[in-house]
Amino acid sequence: MTTETVTGPSHREAMLERIAALHEEQAKAVAGGGERYVARHRARGKLTARERIELLLDEDAPFLELGALVGWGTDFPVGGSVVTGLGVVEGVECMIVANDPTVKGGSTNPSSLRKSRRAAQIATENGLPTINLVESGGADLPTQKDIFIPGGASFRDITRSSAAGVPTVALVFGNATAGGAYVPGMSDYVVMVKDGAKVFLGGPPLVKMATGEESDDESLGGAEMHARTSGLADYLAVDEHDAIRLGRQIVRRLNWRKAGPAPRPDYAEPRRDPEALLDLIPTDLKQPFDPREVIAHLVDGSDFDEFKPLYGTSLVTGFAQLHGHPIGVLANAQGVLFSQEAQKAAQFIQLANQVDTPLLFLHNTTGYMVGAQYEQGGIIKHGAQMINAVSNSTVPHLSVVIGASYGAGHYGMSGRAYDPRFMFSWPNAKSAVMGPAQLAGVISIVARQAAESKGVPYDEEKDAQTRAFIEQMIEEQSLAFFTSGMGYDDGVIDPRDTRTILGICLSAITTRPVKGAEGFGVFRL
Amino acid sequence: MSTHTQIKSVLVANRGEIARRVFRTCRDLGVETVAVHSDADAGAPFVREADRAVRLPGSAPGETYLRGDLVIAAAKAAGADAIHPGYGFLSENAQFAQDVVDAGLTWIGPRPATIEAMGSKIRAKELMAAAGVPVLDVDPATATADDFPLLVKASAGGGGRGMRVVDDPRDLEAELARAGAEAASAFGDDTVFVEPYLATARHVEVQVMADEHGTCWVVGDRDCSIQRRHQKVVEEAPAPALSDVARSTLHDAARKAVGATGYVGAGTVEFLVDGDRVFFLEMNTRLQVEHPVTEAVTGLDLVALQLAVAAGRPLEGEPPAPSGHAVEVRLYAEDPADDWRPQTGTLRAFEVEGVAFANPDSHGLRVDSGVETGSEVGVHYDAMLAKVIAHGPDRASALRMLDGALRRARVHGVETNTALLRAILADEEFVAARLHTSLLDERLEAWTKPAEAPVLAALAAALAEAETSRASARVLGRVPAAYRNVLSQPRSRRYLVPGSDEPLEVTYESRGGRLASELATVVEASPTRVVLERDGVRTSYAVAVGETSVDVAGPDGALSLEVVPRFVDPSEVVAAGSLLAPMPAAVVSVAVEAGQRVERGQTVLVLEAMKMQHTVAAPADGVVTEVHVSAGLQVESGAVLAVVEEEDQS
């Protein structure tokens, strides 16, 4: 089987269009509650969530924002009223979580919860200290049914992190009331901004209702009160800048050491112009492209040692280095996973675990092959071997959907449910149980069969309508923005940024040791 | 054939650039060099360059460079057989010259009696008048209103000290008394005299060189009209736009002056020139600071001639006629916009191109400097860093060359007068050679006008800082600077530009893995070099990133930008109304007590630094809430002296 890669300016233009669309959607998250609310917020002398983050970060260090599109395609605003990301503070890679108070006062809706839960998961899996920049009105009450019960995990995770020896810091700029009060409550270090922070279980009206006591915000939950009387605040900041200064000061004194393997410092950049990547990738997923070219854009010195190149050629496997970190790569070459490919993957994943090497999965698969020949050849068994290996692999996985990610192929390539440490999609990506046209066609065939078995005439006109409707719906729901909006990945990224982003992720991953699996499930042979 | 002494080893009773200058000639002649140095100068280049060096304990000039006895003992100890006094310090001290001779050493300078005679300006004028040299004179007792303004001078004074201009006859008596008192304390001699003050006259001087065999060379003239507080800033040779009548009068008068005093050695006769009229001012019995411009146009080595004459050798032949034009500027560590306040600090960079202490081949640049990269500029001595001299075929080309040298000069760590010097060199009046001694005062405001905000230089600083921060990062050092996968806001950095209190903010961001800015296209950015392009023009900047400042050198010159910190610890914030020490200084007196009400302008305390008293006054009406110092205390620059809480305006 040969792989012919078609390149050209048309690819580039189409991809640039999608990137522009991506920027447009990201801008919605950046805009927060919109001009009016941002202006009102600033008029109170407050910084926006992103301004706080920018100040908190080491100057000119990178910031990898995660889940910027969470909420896309839902009833909630894009961005989930919270900003999360990996940032470097005083030389320490941290998970930064900042409420966006310009969106409904920073209150938590189901999207926000999903996003902040994912941030907590990343912090836990990678052992990253968390810095919470708190200003939230608490739960979005109309949607409390989706938030209240699962939301409790947020507070649990803060103290579990602390118990695991990973410090947590809360900088409280504004409201942190009711349940929200447990964010500072559970954190190891708490900074409160004078005249800004308001941390109480119940505000004056609730207290009045509950006990009849007359009270005010300051005596119930002001920063000065917490710093001088309750002791909930460890540091009293004179203003927001001061709070961030104190936050940096705290991190500086954590004496943080990364426990994972250090990258080689002297690596070479790829021998490829990142721009050329755009000429390479067709936005029409039916057109195949050679993943080796993509790999050459991603890995140090474009140096890729391919493993088993002559066997199972629909899947490319091999070892390389990325930003000085050793890495094993699995990349779909022709879409379909056959038995050989599945077995090759299972073997390669075990090899990477044997030598404690993280794995990078580049998805462009339409799934495992179907048909009598393949079923009889044991495709389920072989797919199961691959999924077994992926499931029980304990080296960190990175997943990037660079094309299609359909069916069980999505699982075998370490899709979201297989807990890759980080997962991103390119703007051209599609993830679904199968291709939209195929899915619509399957439904049509099943419906026709049902009609035939009942002996009723099949309405062809209605069938055409239904097929078109289903195809369009599935198409929409499989698009990168949508899956990202559901929180099924950590963000849609500009393909040109892939190497940088993976480098940031690998660096964060090596906060903890990288250790391969001691054993796998029983391989069905 | 006269006998002459062999000079084998010269001690320079001086410091800084002039010591290095004399050493250079000594080395050329194969003569050994001996330095004397104060403790503050122990690490100075002139000490290192000398074959031998003798420490003079202490740092104040009175303890060190003015101690003739120690200097002579040092010469004996180090085996020097001659002493060159340089300029300033002991150079015009007749007693010291006599002591040197009495100690059996060769004095490289005129006879002690000549120094003595010229040391008193009153006697010098009498001597000159008697020899037929025109002098300016007025008897204060008979002065009429038409004679005003008058200039009161100390007879023993020099370098502008003790001079004052009196405009109103009614003030004369009081000013005479004050000048006398000042002269007494400064020079130990309260004699003062008065002469008409010619505000628009030029200062022109004539270099002479005479041997002990009766040969006198008039080695050309120099214009030194650009002066601040009677101290020369720009000097040139030959004096431009001088009438033939004036020039021949000057040269004749100089020759007469030498004849009248039996002068031997290098000397300078200073005159005021007003059109064709020429008036004797004084005679300096030493090598002048500005001697390099004469060396440039004549090709002579005046120090070599000084040594030859001191050794008893005759001057042979005729002095060379001047060729081309030379201009010198004095590069000072000072802030012209802040009352010429001397600046102190460590020179992070000192790079000024030019041949060191010697004439360039044919035309070109010369630099005589006492400092180098890493030198400390302290409070003890004169704040002159270097003299930069350009020699061109004509005046215009010399000015251009000199401006280029200043523009390319990289002097960082202390504020300098570079911008002022460049403004002078570009000034219409100056370029047209319409020179007079008040020109600087008249145009000071224009010459010290703050330049346009150096946005591109600040951007270069920011980008170099960004790249530096990457290079030193503990993690992710090779990820593009300021990388963001979601664009929200540009990065910004803020700097204070010298002479401005308003921070200059520049913004940039990471775009496609590289730094970019709305302000200019970023062609290249590294920790030490940034190339920007705007409106199709590329500009390269050399950048040095420091802890608290960034030095940037570009085509518009070099400047140091002070980094505005991102965060300020509130406990370190200086209370509003705090009075800070403007420089390292000693507290002379404290005039207020805590709790006392003060009026705006009222003296709060008096500091002394660089032998100058500096009054710290209340910035506004208010109450003194804190006094942190007492008389006698030494304070660092920026120390809080006292706090005056302003009264509510409401």
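A residue counts as buried when its relative accessible area is under 20%, as exposed when that area is over 50%, and as partly exposed in between (1.4 Å probe, protein chains only). By that rule Gln26(A) is buried, with a relative accessibility of 6%. The structure is a predicted model, in which local features need pLDDT of at least 70, side-chain atom pairs count only at pLDDT 80 or more, and totals for chains, interfaces and linings use all residues. Residues are numbered from 1 along each chain as its sequence is written, chains are lettered from A and ligands numbered from 1 in the order in which they are written, and side-chain values use heavy atoms, with hydrogens and water left out.

Gln26(A) makes a handy way in. This residue sits in helix H1 of chain A (helices, H or I of at least four residues, and strands, E of at least two, are DSSP runs numbered from the N terminus). Setting aside residues up to four places away in sequence, Gln26(A) touches Leu69(A) and Val492(A), plus Asn485(B) and Val486(B) from chain B; contact here means heavy atoms within 4.5 Å. Glu240(A) is 214 residues apart from Gln26(A) along the chain, and the C-alpha atoms of the two are separated by 26 Å.

What about the interface as a whole? Chain A puts 43 residues into the contact and chain B puts in 28 residues. Together the two chains bury about 3,000 Å², with 51% of it on carbon and sulfur atoms; buried area is the accessible area (1.4 Å probe) that two parts lose on being put together, summed over both. Of the area that chain A buries against chain B, 27% comes from Glu54(A), Glu59(A) and Asp60(A), more than from any other three residues. Eight salt bridges cross between chain A and chain B, a salt bridge being a side-chain nitrogen of Lys or Arg within 4 Å of a carboxyl oxygen of Asp or Glu. Asp60(A) takes part in a salt bridge with Arg491(B), at 2.9 Å from N to O.

Several elements of chain A each supply at least two residues to the side touching chain B, including helix H1 (9–31), strand S3 (92–99) and helix H20 (498–509). Sorted by class, that side of chain A has 19 nonpolar, seven polar and 17 charged residues. In this sorting Ala, Val, Leu, Ile, Met, Phe, Trp, Tyr, Cys and Pro count as nonpolar, Asp, Glu, Lys and Arg as charged, and the others, Gly among them, as polar.

Over all chains, the structure holds 83 salt bridges. In one of them, Arg118(A) pairs with Asp490(A), their closest N and O atoms being 2.6 Å apart. Arg118(A) lies in helix H4 (residues 110–126) and Asp490(A) in the loop between helix H19 (480–485) and H20 of chain A, so the pair ties together parts that are 372 residues apart in sequence. Both partners are buried.

Arg222(B) and Glu205(B) meet in a salt bridge of 2.7 Å, N to O, which links strand S10 (residues 216–228) with strand S9 (residues 202–210), the two residues being 17 residues apart. Arg222(B) is buried at 0% relative accessible area, and Glu205(B) is buried at 0% as well. In another salt bridge, Glu235(B) meets Arg330(B) at 2.6 Å, N to O. A network of salt bridges links Arg21(B), Arg24(B), Asp28(B), Glu295(B), Asp301(B), Arg366(B) and Asp368(B).

Turning to the nonpolar interior, a nonpolar core is a set of buried Ala, Val, Leu, Ile, Met, Phe, Trp, Tyr and Cys residues joined through side-chain atoms within 4.5 Å. The largest one has 97 residues, and Leu11(B), Ile83(B) and Leu385(B) touch the most other members. Helix H10 (residues 302–310) of chain B gives the most to this core, with six residues. Beyond its neighbours within four places in sequence, Leu11(B) has contacts that include Val34(B), Val71(B) and Ile83(B). Apart from this core lies another, of 71 residues, among them Ala119(A), Leu278(A), Ala342(A) and Tyr483(B).
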